[in-house]
Amino acid sequence: MPASTLTAANALRWIEACAALLDEKKAYLTELDSAVGDGDHGVNMARGFQAVKAKLPTVPADDIGALFKLVAMTLISTTGGASGPLCGTFFLKASVTIAGKAELTPAELGAAFQAGLVGVVALGKAAVGDKTMVDVLTPAIAALTASASGEPLSAALARAVEAARKGAEGTVPLVARKGRASYLGERSAGHLDPGAASSLLLFETLAKTVGN
Amino acid sequence: MKKLINSPENVVAEALAGMAAAHADLLRVHTDPNYIVRADVKAKPKVGLVSGGGSGHEPLHGGFVGLGMLDAAVPGAVFTSPTPDQIEAATRAVDAGQGILHIVKNYTGDVMNFELAAELAKADGLQVESVVIDDDVAVKDSTWTAGRRGVATTVLAEKITGAATEAGASLIEARDICRKVAAQGRSMGVALTSCTVPHAGKPMFELPEDEIELGVGIHGEPGRERIKLRPADELAELLLQPIISDLPYQRGDEVLLFINGLGGTPLIELYVLYRKAAEIAAAAGLKVTRHLIGNYITSLEMAGASITLLKLDDQLTRLWDAPVKTPALRWGL
């Protein structure tokens with residue numbers, strides 16, 4: 001039976017899977033970042049999520065808000081670069097809307113992620129089309145929040161991943177207007193944005209976790 | 001990768017331990033979270049001056065901790081900004097009741113992490129001001145980009161603002177002096193070779209034997225264009241003319257001319273560059289009354305150099321000449 005909601009157990013498995021996948025994809029993300037930035041994105045994300053993984057045993061088993069808050073605070077204090085504050089803020093703002101919840105409907109998850117996205121945009125001041133993680137988060141979260149009531153989470157996430165993938169691919173031809181890639185000007189076109197790529201990985205991992 | 005290291009993971013920690021062992025008279029290294037403070041921190045009531053950023057630019061920033069310059073430096077991982085809790089801890093460590101000034105290089109990560117740290121410190125009642133250095137003329141300043149990068153003017157800002165805080169400047173006075181340096185300094189660099197971040201294990205970018213990257217950033221970010229290698233005199237022109245035309249210098253202006261090595265270029269070549277740069281400045285009617293030549297803000301083992309011009313006035317000259325005693329810069333004592 002497809003999962004209809006995100007349970008606290010699945011949320012925890014998602015974060016664990018992210019830590020494993022980001023460690024595995026370290027070289028890939030770093031390579032993307034070397035082309036347009038300073039080549040530390042993969043290593044930074046992996047370091048941040050490994051620190052998160054180490055702290056997971058301390059989080060209550062039935063509170064997704066507390067889980068997201070732990071992820072947020074750990075990413076902010078261990079990741080460094082721009083990814084730390086940005087990913088940390090995403091989880092921090094998302095955690096506020098779901099404090100104490102043991103289970104989230106697709107709409108609740110969408111609303112939490114939307115709050116996270118608003119925080120990311122406020123801190124990073126990026127808009128859609130600037131060739132950043134916002135180009136993935138925006139369409140993916142829109143797909144999630146648009147889910148009809150009663151739609152299983154796995155179906156909503158499948159659409160979100162599809163939208164995220166399109167968003168990530170859409171960053172390739174763009175000229176970067178935020179972050180270090182913006183120094184390249186026209187030369188940034190033709191490269192996949194590393195922040196968009198890692199955001200896509202997070203959504204793919206979520207869909208896979210819920211689907212299994 | 002051929003590096004004088006033990007393991008990529010331990011480079012920053014082991015370098016910090018080396019600094020602590022070598023410079024116990026000048027500084028202390030705090031670990032977990034990592035920051036470097038003056039040995040005589042808070043010995044007198046003064047504004048605390050804190051800077052920081054990714055490691056790999058040594059001697060920036062840790063080498064500038066000491067009398068007449070920084071009170072604390074916050075090193076991140078190589079080429080990665082430090083985290084807010086590190087910066088906040090350093091900020092607290094230098095709080096002598098007169099407020100704290102952060103000097104931040106303009107990179108997205110640095111600006112965000114320092115901003116979060118300042119918010120945390122302010123929430124606890126500390127007075128914090130920040131000045132962002134964005135002096136790299138290779139990057140077009142536009143609302144559509146992250147703005148100009150902060151490069152070698154940072155060294156001059158730390159020296160001059162450090163002298164001001166040492167002499168008892170208030171937080172607002174120190175901030176305004178630092179802002180003046182930021183506004184009157186301009187830089188541009190050129191890379192002859194790439195550099196390798198230890199944990200990445202391979203060069204940031206590939207540069208053919210006969211090509212150079214004009215307008216390179218201190219993390220190997222590409223600049224204006226990739227061109228064929230040329231004689232040093234032509235490179236001096238290519239670096240200095242955009243600087244001179246960017247900041248409206250008047251004939252007769254006094255300037256500090258700073259030739260900075262990026263880590264892999266010998267001093268003899270920096271002097272070759274200085275010779276021509278001084279000539280170009282003189283031809284433009286500028287009086288080079290102060291200078292600095294050496295490797296002060298580097299990009300690991302990258303070969304190359306940057307040129308910085310800082311427009312001086314009596315106040316900035318006096319503060320530049322004031323005594324300084326740090327691992328990497330010392331005079332007047």
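**A helix and its surroundings**

Tutor: Helices here are DSSP runs of H or I with at least four residues, strands are runs of E with at least two, and both are numbered from the N terminus. The model is predicted, so local features need pLDDT of at least 70 and side-chain atom pairs count only at pLDDT 80 or more, while totals for chains, interfaces and linings use all residues. Residues are numbered from 1 along each chain as its sequence is written, and chains are lettered from A and ligands numbered from 1 in the order in which they are written.

Now to the helix itself. Buried means 20 or more other C-beta atoms within 10 Å of a residue's own, exposed 12 or fewer, and partly exposed in between, with C-beta atoms placed from the backbone. An α-helix has 3.6 residues a turn, so residues three or four places apart point the same way.

Between the chains, 24 residues of chain A and 29 residues of chain B take part in the contact (C-beta atoms, placed from the backbone, within 7 Å). On the side of chain B, β4, α2 and α3 each give two or more residues, and α3(B) has the largest share, five residues. This side holds 14 nonpolar, twelve polar and three charged residues.

Seven of its seven residues are buried, so β4(B) is largely enclosed by the rest of the structure. β3 of chain B runs parallel to β4(B), with five bridges, and B:Ser55 sits opposite B:Val78. β2 of chain B is antiparallel to β4(B), with two bridges (pairing takes at least two DSSP bridges); here B:Ile36 faces B:Ala73.

Finally, B:Pro222 lies in the loop between β8 and β9 of chain B. Leaving aside neighbours within four places in sequence, B:Pro222 is in contact with A:Leu184, A:Arg187, B:Glu213 and B:Val216.

Terms used:
Contact = placed C-beta atoms within 7 Å. Nonpolar A, V, L, I, M, F, W, Y, C, P; charged D, E, K, R; others polar.
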